[in-house]
There are 2 protein chains.
Amino acid sequence: MSKFAEPMVRLIDELKKLPGIGGKTAQRLAFHILRTNDEDAEALAAAVRDVKANLRLCTLCNNITDIDPCVYCSSATRNQRLVCVVEEPTNIATIEKTRSYNGVYHVLHGTLSPIGGVGPEQLRIANLLTRLGEVDEVILATSPTTEGEATAGYLAIELRKAKGELKVTRIATGVPAGSDIEYADEVTMSRAMEGRREF
Amino acid sequence: MSKFAEPMVRLIDELKKLPGIGGKTAQRLAFHILRTNDEDAEALAAAVRDVKANLRLCTLCNNITDIDPCVYCSSATRNQRLVCVVEEPTNIATIEKTRSYNGVYHVLHGTLSPIGGVGPEQLRIANLLTRLGEVDEVILATSPTTEGEATAGYLAIELRKAKGELKVTRIATGVPAGSDIEYADEVTMSRAMEGRREF
């Protein structure tokens, strides 16, 4: 017999499925929910349900959105002819924080990973290739990791195949701002030297 | 009265002047030296003396060297028309590790720092300006820190003033190789976007 009533066990089990939530934490969260007022519990349940019911992927860029097309793709003030390709929806926040990018995005939802069984079919590439008609430049902003570089390399070829005159660029790899070159690894330093620009 | 004999106290005091060596460590090192054989103790003393007696700065590039000009400046296989400006002699090792640079160096021995009282006169800039006749490109490889950027900016102006047709470049600031853009701060991400290159 379980040490908790069945609804409690069920809640703990469901909470345990969340990333980084172990048995102890799940139990603490479940007891907090049990003791909280009805409104908060109902609000949490509704929020969980709503996120699944009302969020979907933008048909243009695959960003997670409640309106389709998403805020970026439907914006009249953003440059719709400049597309920045990112791995995950969270990467959009990283680029938006710079306050210096005014184009739109395209979310791949992953990177090529032959070992992980992720091929081009598993990524959302098709709707990028079909929107190139209205696009002047595609910035490949996948991470400078092995998978990110492989994905960028693959995309560059596909993009050129789809539209020969398209400008395809890659974000700079180099020494991070504010850090001493003393701590730069050799690959980063090598890329920083190769990628040097006229001052 | 001291708990150690006077020569021991003197050795501990001298060792304590080294960076990162506190009282306890100095004492441990001193006792190690006391117990070690005569040859090792003599070799250490001689090495300390020699480093001061035989090392100097290269008159061309200010690198620390035992021959003048230094190995880089006197090398027939390195491109003497390409000069990479660095803050400290240790930065040369960082760039050499990339195995992709074949030019020579110029060591500033510091960065501009108005707060720290370091102005252009305190840096070794004069012998950079006088060697430009035989130089095609100067790469400014100071760190992308506030001081490093200020130093690069100052040098770019002085270099152009000294030789108008000189190519002056700056190493790339961007997302470090192998790291996820998720962890890039906004300044680095902003620079990575600005510094994007044709794929």
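In this predicted model, chain A and chain B bury about 4600 Å² between them, and carbon and sulfur atoms give 59% of that area. Three residues, A:M193, A:R196 and A:F199, supply 16% of the area that chain A buries against chain B, more than any other three residues. Counted by residues, the interface brings 55 residues of chain A into contact with 55 residues of chain B.

The polar side of this interface can be described next. The rule finds 30 residue pairs in polar contact across the interface of chain A and chain B, both residues of each pair being at pLDDT 80 or more. It also finds 2 salt bridges across the interface. A salt bridge joins the side chains of A:E137 and B:R196, with an N to O distance of 2.6 Å.

Several elements of chain A give two or more residues to the side that touches chain B: β3, α4, β5, α6 (146-162), β6 (167-170), α7 (186-194) and β7 (197-198). Of the elements, α7(A) gives the most, with 9 residues. By residue class, the side of chain A that touches chain B divides into 23 nonpolar, 17 polar and 15 charged residues.

The arrangement of the two copies follows a simple geometry. Chain A is superposed on chain B by a rotation of 180° with 0.0 Å of shift along the axis, at an RMSD of 0.1 Å. The two copies are therefore related as by a two-fold rotation axis. Within chain A, the C-alpha nearest the axis belongs to A:G174, at a distance of 2.1 Å. The same surface serves both copies, since 100% of the contact residues of chain A recur in chain B.

The helix α7 can be followed in chain B, where it spans residues 186-194. Its residues B:T188, B:M189, B:S190, B:A192 and B:M193 are buried. What do the buried residues of α7(B) pack against? Their partners are elements of chain A, namely β3 (79-86), α4 (89-96) and β5 (137-140). At the start of α7(B), a side-chain oxygen of B:D185 comes to within 3.2 Å of the backbone nitrogen of B:V187.

Is B:S143 buried or exposed? With a relative accessible area of 0%, B:S143 is buried. Its neighbours come from both chains: leaving aside residues up to four places away in sequence, B:S143 touches A:S179, A:D180 and A:I181 as well as B:E87, B:G148, B:E149 and B:R170. With A:D180 there is a polar contact between side chains, at 3.4 Å.

In chain A, the loop between β5 and α6 contains A:T145. A:T145 counts as buried because its relative accessibility is 17%, under the limit of 20%. Apart from residues up to four places away in sequence, A:T145 touches B:G178, B:S179 and B:D180. Within chain A, a polar atom of the side chain of A:T145 lies 3.1 Å from the backbone nitrogen of A:G148. A:T145 and A:T111, 34 residues apart in sequence, have their C-alpha atoms 10.0 Å apart in space.

How values were computed. Residues are numbered from 1 along each chain as its sequence is written. Chains are lettered from A and ligands numbered from 1 in the order in which they are written. This is a predicted model: local features need pLDDT of at least 70, side-chain atom pairs count only at pLDDT 80 or more; totals for chains, interfaces and linings use all residues. Side-chain values use heavy atoms; hydrogens and water are left out. Buried means under 20% relative accessible area, exposed over 50%, partly exposed in between (1.4 Å probe, protein chains only). Helices (H or I, at least four residues) and strands (E, at least two) are DSSP runs, numbered from the N terminus. Contact means heavy atoms within 4.5 Å. A polar contact is a pair of N or O atoms within 3.5 Å; within protein, one must be able to donate a hydrogen and the other to accept it, and residues adjacent in sequence count only if both atoms are side-chain atoms. Copies are superposed by least squares on the C-alpha atoms of residues with pLDDT of at least 70 in both. Buried area is the accessible area (1.4 Å probe) that two parts lose on being put together, summed over both. A salt bridge is a side-chain nitrogen of Lys or Arg within 4 Å of a carboxyl oxygen of Asp or Glu. Ala, Val, Leu, Ile, Met, Phe, Trp, Tyr, Cys and Pro count as nonpolar, Asp, Glu, Lys and Arg as charged, and the others, Gly among them, as polar.
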